[in-house]
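Trainee: I would like to learn how to read a few features of a protein model. Could you walk me through them?

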Amino acid sequence: MPDKQRVCLAYSGGLDTSCILAWLIEKGYDVICFMANIGQEEDFEAAKAKALKIGAKACYVENVIDEFVKNLCFPAIQCNASYENVYLLGTSLARPVIARAQIAVAQKEGCQFVSHGCTGKGNDQVRFELAFYALQPDIKIIAPWRIPEFYETFKGRNDLLDYASKQGIPVVSTKSKPWSMDENLAHCSYEAGILEDPDTTAPSDMWKLTADPITNAPDEPEDVTIDFEKGIPVKISSKSQNASGPTKLFLAANQLARKHGVGRIDIVENRFIGLKSRGCYETPGLTILRTAHIDLEGLVMDREIRALRDQFVTIGYSRILYNGLYYSPEREFLEASIVESQKPVNGTVRLRLYKGNCFVVGRSSTTSKLYDMSESSMDEIGAFEPSETGGFIKVQAIRLRKYGEAKKEAGIDLVQES
C-alpha cells in the first residue's frame, strides 16, 4: 500500500484543533501536530499527550519566544505599530513566527500538507496561508473551515462540543462560556459567542491576564523606568522588577502592567476580508513599552523624520502585520526604514502605573541635542531670537492671505461664517 499522505496541523489543544485532528485522521491522513510555545500560559505536555491520544503520529512543541520578542514585538514598538489606532496587533505579531516554525516541522516530517483551525471568516487564515506560500511555495493547505463537508457538519461551537464529547476529547470551552481565546507572550484575545453582540459587556471573569483596574488593582501607584537604545527597550526597573535582555524585560513589563490592570481594550475592528469583528484584547507589557517609546521619540526624534515615519512606515507596517504580509518585499523595505529612523532614539522614560492607566512622568536622553531647555524656556531668551519669528509668520501667512482674499471676492465672510 502507498504511504499515507502527511499533514502538519497547527494544534493548540483546544476545541477546534482537537476536533480537526480527529477529523483529519478519519479522512485517512497521518497527522503531525505542531504547537508553538510563544509565551502563552499553557500545559504543553498535557496538550501533547491529548494530541497523541487522539491519534497524532507525533506532536512537536517549538519554543519561539525569543524570536517573537526580538523579531516581531521590538520592531512593532520601534514604529509604534497599531491597527485602527487602538489594536496593538498582538495576534498578528505572533503569526509569522508560528508559520515559519510550522513549515520547518512540516519539511522535517516530509508533510505534503499543512493545516490550521482558522475560521473561514477571520484574518488568521489569510495570515497563515500567505506566510506558508512565501516560506514554501509548493505547499498544499487543508483549511477545514472552508471545506463544505466540514463546516456543514459543524455549524457552530455546540456541534464541535458534541463531536468532542462523542470522541472522548476533553476541552476547556463549554456551552455556557463559548468565547474563543488566543494567547501569547504579548497578549490574549477574546471573541465569538456572547461577545459577537457588540453591545454585550464582556464578563468580568473573562479577562485572564490583567487585574480588574477598578476592583483588584493596587491602591498605590508604581513608578517604572524604561531605558531604550535605538528604539529598542533594553532595561526596565521598578520597586518590584529589574530586568534586561529581550525576553526577561518583556516578562517583567507584563508582570507590572498585569498587576496594575493596564492594557485592556474592547473594540470593533475591520477585518482584512471585509467583515467587522468585535474583539477584546489584553496587551499589558507591550502597552507600557510602546507608551514609553512614543514619548521618548518626542524628545529625541527629528520632526520631519517622525512625520514621514508616522504617515508611511507606521501605518504601512501595521497593515502589513494585520493583513498577513510579513514575508514580503514591502515588509523588508519598511523594516530597513524603521532601523534608520530609530538611530537617535536613545534615552530613559519614567512611567507611573495606576488602576489601568499608564502615565508618563518624565523622560531624558544624554545623546540627543534636539531639545534645548535654554531655547525653549519662557524665562530666558537664550540663542533664540524672538524678533525673527515675525518674518517666519509673514512667510507662512502668504497663502492664507490669498485664501482670505479669494473668499472675500466670492462674497464669503469668514468672520460671520459658522
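Mentor: Gladly. Arginine 127 is buried, and aspartate 124 is buried too. Keep in mind that this is a predicted model.

Trainee: What do the side chains of arginine 127 and aspartate 124 meet in?

Mentor: The general idea first: side chains of opposite charge can pair when their charged atoms come close. Here, arginine 127 and aspartate 124 meet in a salt bridge, at 2.8 Å from N to O. The two residues are three apart in helix H5, so about one helical turn separates them.

Trainee: Which residues are linked in a network of salt bridges?

Mentor: Arg95, Asp124, Arg127 and Asp182 are linked in such a network.

Trainee: How many salt bridges are there by this rule?

Mentor: The count comes to 21. One of the pairs to look at is lysine 259 with glutamate 222, whose closest N and O atoms are 3.2 Å apart. Lysine 259 lies in helix H8 (residues 246–259) and glutamate 222 in strand E8 (residues 222–229), so the pair ties together parts that are 37 residues apart in sequence.

Trainee: Now for cysteines. How many disulfides does a search of the whole structure find?

Mentor: The search finds zero. To read this, look at the sulfur distances, with 2.5 Å as the cut-off for a disulfide. For cysteine 73, the closest cysteine sulfur is in cysteine 79, 12 Å away, which is too far for a bond. Cysteine 73 is also buried, with a relative accessible area of 0%. For cysteine 358, the closest cysteine sulfur is the one in cysteine 73, and at 17 Å this is again too far for a bond.

Trainee: Let's turn to the surface. Which residues gather in a patch of negative charge?

Mentor: Asp372, Glu375, Asp379 and Glu380 gather there. Aspartate 372 sits in the loop between strand E14 (357–364) and helix H12 (373–376). With 31% relative accessibility, aspartate 372 counts as partly exposed.

Trainee: And which residues form a nonpolar patch on the surface?

Mentor: Phe272, Ile273 and Leu275 do, and together they have about 240 Å² of accessible area. Leucine 275 is found in the loop between strand E11 (264–270) and strand E12 (276–282). Its relative accessibility is 37%, so leucine 275 counts as partly exposed.

Key. Residues are numbered from 1 along each chain as its sequence is written. This is a predicted model: local features need pLDDT of at least 70, side-chain atom pairs count only at pLDDT 80 or more; totals for chains, interfaces and linings use all residues. Side-chain values use heavy atoms; hydrogens and water are left out. Patches are made of residues with over 30% relative accessible area and no salt bridge: like charges are joined within 9 Å, nonpolar side chains (Val, Leu, Ile, Met, Phe, Trp, Tyr) within 5 Å. Accessible areas come from the Shrake-Rupley method with a 1.4 Å probe; for residues, only the protein chains shown count as cover. A salt bridge is a side-chain nitrogen of Lys or Arg within 4 Å of a carboxyl oxygen of Asp or Glu. Lys and Arg count as positive and Asp and Glu as negative; His and the chain ends are not counted. The place of a charge is taken as NZ of Lys, CZ of Arg, CG of Asp or CD of Glu. Helices (H or I, at least four residues) and strands (E, at least two) are DSSP runs, numbered from the N terminus. Buried means under 20% relative accessible area, exposed over 50%, partly exposed in between (1.4 Å probe, protein chains only).
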